[in-house]
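Here's a quick briefing to read alongside the structure. Keep the viewer open and look up each residue as you go.

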Amino acid sequence: MEMSVDDAYWRSIQTLFEWIHKEVKKSKTRVVFRTYAPVHFRGGDWKTGGNCHLETLPDLVSSTVPSKAWAHLLEPFRNMPSANSTKNQALELDLLNVSQMTAQRRDGHLSVFYLGSSGPAPLHKQDCSHWCLPGVPDTWNELLYALILKRGLQKHQNMTVLSMDRVELGQ
């Protein structure tokens, strides 16, 4: 089967939406989708001479990959039926958008930190798509934790409002 990367992405998102609608019990489960984390190859891709050699500082001014480069990846989520929709297929999921933040962390890859038996990784074997720990994935985890806390607080506030309504009704 021949398929472009974009077509494969759209197909995977459609599969995700179908799975959520079919399998997820909304009363018991929250779905969190983490967005695309761009790689930082320069001068080509992994198998065509790309590398991220000597990237030791984050991109603090602006991302080397403009946000427009992956804006289309958020389209399925913009077009997703919302919980307020009248459609029967309304989906509920939290979107953890890490693309812009991650694009600015070109320094967080294994490439310059990997030391093999003969020293640093050669340019043609550098890993510019996986992340060092501690590092960028820890920030994703902090964002996820904040999202979980936010959902818990909202649930608690909703329960408090319901409790207050019951007290007022009982008087």
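Let's start with a term: a residue is buried under 20% relative accessible area, exposed over 50%, and partly exposed in between, using a 1.4 Å probe and protein chains only. What you're looking at is a predicted model, where local features need pLDDT of at least 70, side-chain atom pairs count only at pLDDT 80 or more, and totals for chains, interfaces and linings use all residues. Residues are numbered from 1 along each chain as its sequence is written, and side-chain values use heavy atoms, with hydrogens and water left out.

**The chain as a whole**

- There are 5 helices and 4 strands here; these are DSSP runs numbered from the N terminus, with helices being H or I of at least four residues and strands being E of at least two.
- Walk along the sequence and you get the pattern α-β-α-α-β-α-β-β-α.
- Of the 171 residues in the chain, 29% are buried.
- Take the contacts (heavy atoms within 4.5 Å) with a separation of 6 or more: 69% of them join residues 24 or more positions apart.

**R11 in helix α1**

- R11 sits in helix α1, which covers residues 5–23.
- With a relative accessible area of 46%, R11 is partly exposed.
- Setting aside neighbours within four places in sequence, R11 is in contact with M1 and M3.

- T102 belongs to helix α4, residues 99–103, and counts as buried because its relative accessibility is 0%.
- The T102 side chain makes a polar contact with the side chain of W140 at 3.1 Å; that term means a pair of N or O atoms within 3.5 Å, where within protein one must be able to donate a hydrogen and the other to accept it, and residues adjacent in sequence count only if both atoms are side-chain atoms.
- S99 is in helix α4 too, and its relative accessibility is 2%, so S99 counts as buried.
- The side chain of S99 has a polar contact with the side chain of T35 at 3.2 Å.
- Not counting residues up to four places away in sequence, S99 touches T35, Y36, P38 and W70.
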